[in-house]
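Here is my note on the model you sent.

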Amino acid sequence: MNRFVIADPRLCIGCNTCMAACSEEHKMYGLQTEPRLVVVKNSRDSVPVMCHQCEDAPCAQVCPVNAITHTNDSIQLNESLCVSCKLCGIACPFGAITMNGSKPLHIPANSNTPMALPAPPNKRGISPFLDWYPGIRSIAVKCDLCQFSEQGPACVRACPTHAIMLVDDNQLALASAAKRQNAMDAMDADLMMFSSFAEGSDAQ
């Protein structure tokens, strides 16, 4: 089973600390600084939405260059292989894949010459799937569980309310066992209720 990160909306306070930690952690390792999770808020709750590390991941199925693979009990994206086709972002049912710009190191900061017109300004109001900028390559980014770090996902470590957790086989088995116990307890209560109804009917 793939490992995955999940968040409890009852504990999330919408502080965006997880997003900042994710960005800084990947920046230290020379990867895209775009956060791999996004805190979504409504009038009642807030919770970070991130990759579910699907077992039969649709993003991996549509990638034409096999940049997304099943590795180390998770779905990993190799940024160096990405060709910016954006199919993975379209295929993801959770909106957990975004596009982020990356300027190749060999391109000068100002590539304009007297013979060329100035580069047009970047239009920030449009979808990131359509956004572009001269000299910058758009690359898909998704949660990689911070596999490069022995300490595990940065978002889990940084969350001040411990709303985010990393789930593996053992934790899922424990959660399932607890649910079965709750189901059995509820069944006992239901049987007692039905028994009392039956006894009342017999008395009449």
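1. Start with a side-chain to backbone contact. The side chain of S46 comes to 3.1 Å from the backbone nitrogen of G14. S46 sits in strand β3. Is S46 buried or exposed? S46 is buried, because its relative accessibility is 7%, under the 20% cut-off. Please keep in mind that this is a predicted model.

2. Now the overall layout. The protein has five helices and eight strands. Along the sequence, the order reads β-α-β-β-α-β-β-α-β-β-α-β-α. The protein has 204 residues, and 30% of them count as buried.

3. Next, the salt bridges. Side chains of opposite charge can pair when their charged atoms come close. How many salt bridges does the count give? The count comes to three.

4. R10 and D8 form a salt bridge, with 2.9 Å between the closest N and O atoms. D8 is buried, at 14% relative accessibility.

5. R157 pairs with E25 in a salt bridge, and the closest N and O atoms are 3.3 Å apart. This pair links distant parts of the chain. R157 belongs to helix α4, residues 154-158, and E25 to helix α1, residues 17-28. The two are 132 residues apart. R157 counts as partly exposed because its relative accessibility is 38%, which falls between the 20% and 50% cut-offs. E25 is buried at 9%.

6. R36 and E79 make a salt bridge through their side chains, at 2.7 Å from N to O. R36 lies in the loop between α1 and β2 (37-41), and E79 lies in the loop between β5 (74-77) and α3 (87-91), so this pair ties together parts that are 43 residues apart in sequence. Both R36 and E79 are buried.

7. H26 is buried, with a relative accessibility of 1%.

8. C146 has a backbone feature to check. Most residues other than glycine have a negative phi. C146 is not a glycine, yet its phi is positive, about 50 degrees. C146 lies in the loop between β7 (137-141) and α4. C146 is buried because its relative accessibility is 6%.

9. H162 also calls for a check of the backbone. H162 is not a glycine, but its phi is positive, about 55 degrees. Where is H162 found? H162 is in the loop between α4 and β8 (164-167). H162 counts as exposed, with 62% relative accessibility. C146, by contrast, is buried.

10. On the surface, there is a patch of negative charge. Which residues gather there? They are E55, D56, D73 and D169. One of them, D56, lies in the loop between β3 (46-50) and α2 (58-62). D56 is exposed because its relative accessible area is 59%, over the 50% cut-off. S46 from point 1, in strand β3, is buried instead.

11. The surface also carries a nonpolar patch. V62, L87 and I90 make it, and its area is about 260 Å². L87 lies in helix α3. L87 counts as partly exposed, at 38% relative accessibility.

12. E25 is buried, H26 is buried, and C146 is buried, whereas R157 is partly exposed.

Technical notes: Residues are numbered from 1 along each chain as its sequence is written. This is a predicted model: local features need pLDDT of at least 70, side-chain atom pairs count only at pLDDT 80 or more; totals for chains, interfaces and linings use all residues. Side-chain values use heavy atoms; hydrogens and water are left out. Patches are made of residues with over 30% relative accessible area and no salt bridge: like charges are joined within 9 Å, nonpolar side chains (Val, Leu, Ile, Met, Phe, Trp, Tyr) within 5 Å. Accessible areas come from the Shrake-Rupley method with a 1.4 Å probe; for residues, only the protein chains shown count as cover. A salt bridge is a side-chain nitrogen of Lys or Arg within 4 Å of a carboxyl oxygen of Asp or Glu. Lys and Arg count as positive and Asp and Glu as negative; His and the chain ends are not counted. The place of a charge is taken as NZ of Lys, CZ of Arg, CG of Asp or CD of Glu. Helices (H or I, at least four residues) and strands (E, at least two) are DSSP runs, numbered from the N terminus. Buried means under 20% relative accessible area, exposed over 50%, partly exposed in between (1.4 Å probe, protein chains only). A polar contact is a pair of N or O atoms within 3.5 Å; within protein, one must be able to donate a hydrogen and the other to accept it, and residues adjacent in sequence count only if both atoms are side-chain atoms.
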